[in-house]
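Colleague: I would like to learn how to read a model like this one. Please take me through some features.

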Amino acid sequence: MLKNKIAIACQGGGSQTAFTAGVLTSFFQNDVHKKKQIVSLSGTSGGAVCAALSWYSLLKAAKGDVTPIEDRLVSFWRDNSTQNIIEEIFNSSVVNVTQLVNKGLMPEWKMSPASPIAETMRSLSTALLPRQGFYDFKGLLESYIDFQELESLLEPSSPVLVIGAASVLTGKFKKFNSREGEIQVEAILASAAVPSIFPAVEIGEDAYWDGLFSDNPPTDELLDPDVVGNGNKPDEIWVIQINPTTCKTVPDTLEDIADRRNEMIGNESLFQDLQKIDMINRFLKQGAFTKEFLAEHNYKPVDVRIVEMSPVLQESLSYSTKINRSADHINRLIEDGQKRGGEFLQGLPLVSGQKR
């Protein structure tokens with residue numbers, strides 16, 4: 001019996017994407033990768049990190065690695081969170097200053113991340129923080145993904161990884177694609193390069209910023225045979241969404257306005273992608289294409305399913321929590337992701353195409 005083909009798209013959102021690690025952990029603990037065929041994963045910013053860790057773990061498992069796939073996800077986020085008093089103080093200071101600025105209680109001091117002052121501040125932070133894994137994001141990624149090993153792990157049947165970023169020079173969206181051999185640590189760094197915090201990441205003759213300027217996350221590309229290949233068209237797309245869709249009241253404080261604005265901007269490209277998928281689904285169901293065309297290109301309606309945070313957790317978060325790396329905060333996000341991922345799996349229809 002053929003397995004249902006699944007594509008998983010991971011939205012970006014800084015530290016809040018530890019929730020995504022929790023959702024993916026629940027998927028792998030429940031053997032989704034064995035019961036279904038994961039044909040592609042995509043991600044942006046923190047979502048790109050989670051997608052890449054999962055993709056690499058799946059490649060390793062296909063070669064006989066018996067390490068539970070979820071272990072790499074959870075361990076990465078634990079290493080990326082605070083582990084000692086110095087890191088706690090540093091993290092709290094950054095979060096508290098951000099909160100005060102957003103509330104209008106402290107002036108915002110803007111500087112280029114490429115300026116000598118910013119470079120000096122990064123060097124001082126490095127000197128004060130004893131654990132390299134807390135400040136060396138590139139090194140942390142390389143300790144969990146052996147990028148030199150990827151070529152030997154890839155097979156024609158391997159799932160595809162797509163990472164979103166934006167070209168600073170051309171203004172065009174960029175999709176780093178494993179089928180094109182484009183997945184290196186720089187691609188993930190590019191997707192996570194928030195312009196106000198990190199310098200643009202140079203790759204070849206181009207330079208890239210945070211993928212939140214691009215698709216967040218790449219979604220409709222997962223249906224494009226030119227991107228994922230003819231054999232990797234999914235029956236379902238599972239979207240792990242970080243930014244809440246709705247809010248209960250109209251925000252009226254500076255902080256709440258900034259939070260809601262950030263949420264809506266973060267969702268804009270996702271909703272546009274989902275509208276395109278819905279439109280194509282309607283065309284297919286209404287018989288807009290000939291049977292010969294559909295058979296030749298293997299086009300069929302695709303189910304889109306979304307996993308979101310629990311309402312209680314969503315209401316407790318703000319823009320500043322996207323940079324909060326407190327161990328308690330990260331663990332809370334992971335635990336909510338595991339719970340919501342389990343609930344999502346329990347609510348799946350027995351047959352693809354049924355409504356939840």
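**Reading helix and rings**

Modeller: Just after α3, G64 has a positive phi of about 105°. Helices (H or I, at least four residues) and strands (E, at least two) are DSSP runs, numbered from the N terminus. This is a predicted model: local features need pLDDT of at least 70, side-chain atom pairs count only at pLDDT 80 or more, and totals for chains, interfaces and linings use all residues. Residues are numbered from 1 along each chain as its sequence is written, and side-chain values use heavy atoms, without hydrogens and water.

Colleague: Is α3 enclosed or open, and why?

Modeller: Buried means under 20% relative accessible area, exposed over 50%, partly exposed in between (1.4 Å probe, protein chains only). In α3, 15 of the 17 residues are buried, so the helix is largely enclosed by the rest of the structure.

Colleague: How many aromatic pairs does the structure hold?

Modeller: A pair of aromatic rings is described by the distance of the centres and the angle of the planes. Rings of Phe, Tyr and Trp (its six-membered ring) pair if their centres lie within 6.5 Å; planes under 30 degrees apart count as stacked, over 60 as edge-to-face and the rest as tilted. The structure holds seven such pairs. Among them, F27 and W238 sit edge-to-face, 5.1 Å centre to centre with 65° between the planes. F27 lies in helix α1 (residues 18-29) and W238 in strand β7 (residues 236-240), 211 residues apart. Both F27 and W238 are buried.

Colleague: Which residues form one aromatic cluster?

Modeller: F76, W77, F137 and Y144. F76 is buried, at 0% relative accessible area.
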